[in-house]
Amino acid sequence: MAETDSIQEETEHEGTDDSKRDFLLYSTVAVGAVGTTSAAWPFIYSMNPSKDVLALASTELDLSSIEEGQSITAIWRGKPVFVRKRTAKEIESVKMTKLGDLKDPQSDTDRVQKAEWLVLIGICTHLGCIPSGQKGGDVKGDFNGWFCPCHGSHYDISGRIRKGPAPKNLEVPPYKFTSATNIVIG
Ligand code: FES
């Protein structure tokens with residue numbers, strides 16, 4: 001059975017006014033169950049589904065109101081999922097990166113289904129902190145993506161580890177586009 005859950009999502013809008021922040025009320029449809037929460041993610045509404053139900057859960061997101069340069073945070077199976085509509089400049093920058101410069105070599109094209117949409121599990125691959133970079137005023141690290149302040153891991157705008165102790169790129173969850181602006185994660 002599908003249930004609808006409203007989640008307040010914090011977004012970022014890059015541009016000339018970097019301090020500008022928008023707040024969207026995002027609606028997701030969780031098929032089977034909705035996500036859980038923890039003290040680290042107080043903005044997430046919890047329903048504590050059982051493990052077997054949780055394992056089947058998928059999350060549908062309508063991306064139509066996300067502008068270029070904006071990010072939102074959704075929840076899938078209790079994990080934060082970062083979704084960013086990348087700018088042409090950001091896409092160009094990750095395409096220019098040489099695989100030989102990467103700790104966990106992976107081309108950007110192998111990490112996205114559409115160049116403008118980046119979908120990542122927002123959990124640092126070192127010891128599991130949530131990296132900063134989703135909000136306009138956040139520290140984004142040396143590669144203009146995400147920065148994990150726990151031990152100093154820097155990720156680029158493809159979610160690839162570029163500096164610091166994290167061994168792997170931010171994970172890309174399974175997802176599919178069900179329309180031009182709708183995705184189902186899981
Ligand atoms: S948990 Fe992210 S750098 Fe250690």
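Visitor: What should I know about the model and its numbering?
Guide: Residues are numbered from 1 along each chain as its sequence is written. The model is predicted, so local features need pLDDT of at least 70 and side-chain atom pairs count only at pLDDT 80 or more, while totals for chains, interfaces and linings use all residues; side-chain values use heavy atoms, without hydrogens and water.

Visitor: How many helices and strands does the protein chain have?
Guide: Helices (H or I, at least four residues) and strands (E, at least two) are DSSP runs, numbered from the N terminus. The protein chain has 2 helices and 11 strands. Along the sequence their pattern is β-β-α-β-β-β-α-β-β-β-β-β-β.

Visitor: Which strand order does the open sheet of 3 strands have?
Guide: Two strands pair if DSSP finds at least two bridges between them. Here the order is β7-β8-β9, with antiparallel pairing. Because β7 (144-148) and β9 (161-163) each have a single partner strand, they stand at the edges, and one side of each is left without a neighbour in the sheet. The twist averages 35° from one strand to the next, with axes taken as lines fitted to C-alpha atoms and angles running from 0 to 180 degrees between N-to-C directions.

Visitor: How many bridges join β7 to β8?
Guide: There are 4 bridges between β7 and β8 (residues 153-156). In one of the pairings, C148 has S153 of β8 as its bridge partner.

Visitor: What share of the residues is buried?
Guide: Buried means under 20% relative accessible area, exposed over 50%, and partly exposed in between (1.4 Å probe, protein chains only). Of the 186 residues in the protein chain, 47% are buried.

Visitor: How many salt bridges does the structure hold?
Guide: Side chains of opposite charge can pair when their charged atoms come close. The criterion is a side-chain nitrogen of Lys or Arg within 4 Å of a carboxyl oxygen of Asp or Glu. The structure holds 5 salt bridges. One of them joins R84 and E90 at 2.8 Å, N to O, and both residues are buried.

Visitor: Where do K163 and D142 lie in the chain?
Guide: K163 is in strand β9 and D142 is in the loop between β6 (117-121) and β7, 21 residues apart. Their salt bridge has its closest N and O atoms 2.5 Å apart. K163 is partly exposed at 39% relative accessible area, and D142 is partly exposed at 47%.

Visitor: Is D156 buried or exposed?
Guide: D156 is buried, with 2% relative accessibility. D156 forms a salt bridge with R162, the closest N and O atoms being 3.1 Å apart. Through salt bridges that share partners, D156, R160 and R162 form one network.
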